[in-house]
Amino acid sequence: MKPENVVLSEDGKSVVIIDQTRLPLHTEYLALSQPEEFYDAIHELKVRGAPAIGICAGMGLYVAAEHFGEHNEEKFLSELHNVSAFLNSSRPTAVNLKHALDRVENAAHSMRGKGTDAMLGEMRRECIAVQEEDIAMCKAISEYGLTLVKNGYGILTHCNAGPLATSCYGTGLGTLLLGKERGYTFRAYVDETRPLLQGARLTAYELDKAGIDVTLICDNMASIVMKQGKVNACFVGCDRVAANGDTANKIGTSGVAVLAKHYGIPFYVFCPSTTIDFNCRTGEDIQIEERDPGEIKTKFFREPVAPENVKCFNPAFDVTDSSLITAIITEKGICTAPYTQSLRICMKE
Ligand code: MRU
């Protein structure tokens, strides 16, 4: 299976992405080659989802370097570092962005003394490796996910953690998509995910396209479907996991976790191990992105839905306390509390 959302061109001069802001009605492709274009694509969520922005930024750094036309190694590395820092500033919460950028920048450093062509060759190899590893991790995560479900389960999702947000299968949606291939039948309850509607526009689209039974709900309907017994488990992806298991994911995720606890429904977080950040001791250390109030008041509406002068608070993510999380599933296995121990053990395996 080959990813379609982020594709490096053969000549290394561009990266072609699906513009996720146009889905589900329009499948449009954008070719990116300049650092500003990569920054804009990530910042405006044309490419989004923690692993996908890492993959795109890593490729973007390599593609930008292909355009440097610089043969002096030190000047090349200095320019590379500036572009890497610029791309890393496009979104603050997902750790995968920095992780991928560092890998590709380090690949260039590993060729010091061998010339800039060797540096470019190693960067190309590395950014492709980031994507290939993500494909393998998503498949492994989905296999573990299948051990947590039964045929016929109702699964509630929040935001989008499918193939568009990763490479193939996804993290939070991987179990549903792999299960479908294996003959499982699931009922997905998809939170629309205000304000940018990743659930309605992307998750409903991906699951429906795969032939999975999808019911779209507004975010404030999660409680009623849980109370009515329709939900057997909640599945979400994440952008950064702190060492103690506190988890940053799309705004509203922590509310779903609180509800799940109230109704005695397991709440599972899915992510590649690269999303765990041991530099963050707890969720308090995770930087939460704040976005334009226009996303709440005007975007997607023909006319503004609130008085113009009214203040808005628009955090893009929130942190779910680890005490609300039943398990964190990575490609290395299923971690349960106490996470301070289980995440470290899992990383060593
Ligand atoms: O703002 P977004 O759409 O990039 O937020 C994405 C999420 O919150 C996803 O759940 C997360 O990145 C995991 S994607 C596998």
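Predicted model: local features only at pLDDT ≥ 70, side-chain atom pairs only at ≥ 80, totals over all residues.
Let's start with the overall layout. The protein splits into domain 1, covering 6-138, and domain 2, covering 147-348. Where the domains touch, domain 1 contributes 27 residues and domain 2 contributes 33 residues.

How much area goes into this meeting? The size of an interface is often expressed as the accessible area lost when the parts come together. Here, domain 1 and domain 2 bury about 2,500 Å² between them, and carbon and sulfur atoms account for 56% of that.

Now turn to the polar side of the interface. Between the two domains there are 14 residue pairs in polar contact, counting pairs with both residues at pLDDT 80 or more. The interface also holds 1 salt bridge. R91 pairs with E289 in a salt bridge, with 2.9 Å between the closest N and O atoms.

Which helices bring domain 1 to its partner? At least two residues each come from α2 (50-66), α4 (95-109) and α5 (116-146) on the side that touches domain 2. Of the elements there, α5 gives the most, with 5 residues. Sorted by class, this side of domain 1 comprises 14 nonpolar, 9 polar and 4 charged residues.

Note on methods. Residues numbered from 1 in each chain as written. Heavy atoms only, no water. Domains from an automatic or database assignment. Contact = heavy atoms within 4.5 Å. Buried area = accessible area lost by both parts, 1.4 Å probe. Salt bridge = Lys/Arg side-chain N within 4 Å of Asp/Glu carboxyl O. Polar contact = N/O pair within 3.5 Å; in protein donor to acceptor, adjacent residues only side chain to side chain. Helix = DSSP H or I, 4+ residues; strand = E, 2+ residues; numbered from the N terminus. Nonpolar A, V, L, I, M, F, W, Y, C, P; charged D, E, K, R; others polar.
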